[in-house]
Amino acid sequence: MEENLIIDISESNKGKEQIIINKKYKFNFSYKRKDNSKVYKCTEYKKINKCKSFIILNDKKEILKYNSSHNHPENEYDVSLSIMKHKIKDGIEKSSIPFGIKIKPLYNKISKEMGLICPEYNSIKSQISRNLNKKLPSNVTTFAEIPSESEYYKTKRGENFMIFKNSNLIIFQSPFQAKLFREYNDDIFVDGTFFIAPKFSYQVFITRTYAKELDSFYTTSFAILKNKEQETYKMLFEKLKKNANTCNNNIRIEPKNLHCDFERAISKAAKTIFPNTNIKYCIWHYKKSLEIKKNKLCYNEVKNNNNIFIYYKAISNLPFINPEYIFDIYVIIKIKSIKNNYCQFLKFLEYFYKTYLIDYDMKIWNYYNNIEHITNNASESLNNYLNNLFPTKPSFYELIDKLNELEHLSYYDYQRKIRGIWKIKKRVINKANEISVLIERFKSIEAKLIDSKCDRNKIINLWFDCLTNLNNII
């Protein structure tokens, strides 16, 4: 018998055990003998060559006998292909959560270990995909099929990730995210995205917070919702509040400001659970809704008449000025529009009046006293990032695996910054900073006018001038 035989364990395409000798010959399992030793025959024994070579191994995979009378050439490439497939399949089998497996890096690692003769990645890619798909859990197609327990409901640190499930939503919040919700709740940002919601659901709803001393935004929860009803949002906020209070010795947690778009179901649900929270609607959505209405009602008038354009811009910048004078400025603009017979623009003004001065409380879209966070971009930007991760709608488990990964990256980022390992970048001056500087200057002028007991009309004109100045910034 030959000495220094190198044995590799692999398997055939049918999943049966396969022995490889010296990375040159393959032997498939044939039968087991009475003494429990196993006989393996050369893979060419059923082919044209009818090779009679065989090998016998005991239960410890030690060679008892080896017949090396091969009547065919060595096939190192075919052997390397089998070894590579088996090693990658073994790596997939050993992983409890296959979504996290990086196939190409695993292939690169194994190919280095195997040496020069190694199959190209594309030649085994389809086989790897089949092995991976077999390992994946059955897809969830309805809310009723969502399990109450799963290995996917644990963070990468072994902590509970899923905190609540009913027939309309499932909420994911790690202890780390609950801590962020408790400790950084001056400004909470909420928003839903539809593109990455599994087919059986309506949206993925995300809450985020801002850690001021770190100048960083962090996600505080993920939830999959079946709808966008107020009661569903109410249950979501109630469970987040309960989870935060439970982790904080029942000390009541309530955000100071909750930022969202103009969806009443969200704001009403939030106010029910957090009655003292200030609801702040996103200015970008405010401006966008005005633009859409302008384009529909008076596009040509605004485009072709500079005075109307200035009035339109003034209306769009009202969220930044002292709310005490907003109605006065609206009246001035309306009177001038009537006088100049701006018929189409008057329809736009009527829309603005009914929508933002009557239907909505002015406080929720006015940022005069807090211009630091004037949009919901903290949520929108994350939603866009998630949307780009999935070219098509992900399965339930695929989505949860990715959300779990994002939670871990966020945890790692926070730990590094809180310990001073990562330097916090100086904040770049943005539009909000420029607006804030301008508003503070006009606040100072207003205070002087009030002290001098000037006529109210002068203060109204002052803020009208401020709106004109804002046109140069926004």
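Trp-284 is partly exposed, because its relative accessible area is 47%; the class sits between buried (under 20%) and exposed (over 50%), with a 1.4 Å probe and protein chains only. Trp-284 belongs to helix H7, residues 283-297. Helices (H or I, at least four residues) and strands (E, at least two) are DSSP runs, numbered from the N terminus.

The model is predicted: local features need pLDDT of at least 70, side-chain atom pairs count only at pLDDT 80 or more, and totals for chains, interfaces and linings use all residues. Residues are numbered from 1 along each chain as its sequence is written, and side-chain values use heavy atoms, leaving out hydrogens and water.

**Nonpolar cores**

- A nonpolar core is a set of buried Ala, Val, Leu, Ile, Met, Phe, Trp, Tyr and Cys residues joined through side-chain atoms within 4.5 Å.
- The largest such core has 74 residues. Those with the most contacts inside it are Phe-237, Leu-318, Phe-345, Phe-352, Trp-365 and Trp-463.
- Helix H15 (residues 456-470) supplies the largest share of this core, eight residues.
- Trp-365 touches Phe-262, Tyr-286, Leu-318, Pro-319, Ile-326, Phe-352, Tyr-356, Leu-357 and Tyr-360, not counting residues up to four places away in sequence. Contact here means heavy atoms within 4.5 Å.
- In soluble globular proteins, nonpolar side chains tend to be buried together.

- Helix H13 covers residues 396-418 and includes Tyr-412.
- H13 has 23 residues and reaches 33 Å from its first C-alpha to its last, close to the 33 Å expected at 1.5 Å a residue. The expected span is 1.5 Å times one less than the number of residues.
- Just after H13, Gly-420 takes a positive phi of about 80°.
- Tyr-412 counts as partly exposed because its relative accessibility is 42%.
- Tyr-412, Ile-421 and Trp-422 make a nonpolar surface patch of about 290 Å².
- Patches are made of residues with over 30% relative accessible area and no salt bridge; like charges are joined within 9 Å, nonpolar side chains (Val, Leu, Ile, Met, Phe, Trp, Tyr) within 5 Å.
- Accessible areas come from the Shrake-Rupley method with a 1.4 Å probe; for residues, only the protein chains shown count as cover.

**Salt bridges**

- The structure holds 19 salt bridges. Each is a side-chain nitrogen of Lys or Arg within 4 Å of a carboxyl oxygen of Asp or Glu.
- Lys-23 and Asp-8 pair at 3.2 Å, N to O. Lys-23 sits in the loop between strand S2 (17-21) and strand S3 (25-32), and Asp-8 in strand S1 (residues 7-11), so the pair links distant parts of the chain, 15 residues apart.
- Lys-23 is partly exposed at 33% relative accessibility, whereas Asp-8 is buried at 16%.
- Asp-35 and Arg-33 form a salt bridge at 3.7 Å, N to O. Arg-33 is partly exposed, with a relative accessible area of 32%.
- Asp-328 bridges to Arg-456, with the closest N and O atoms 2.7 Å apart. Asp-328 lies in helix H10 (residues 326-339) and Arg-456 in helix H15, so this pair ties together parts 128 residues apart in sequence.
- Asp-328 is partly exposed at 22%, and Arg-456 is partly exposed at 36%.
- Glu-17, Lys-38 and Lys-61 are linked in a network of salt bridges.
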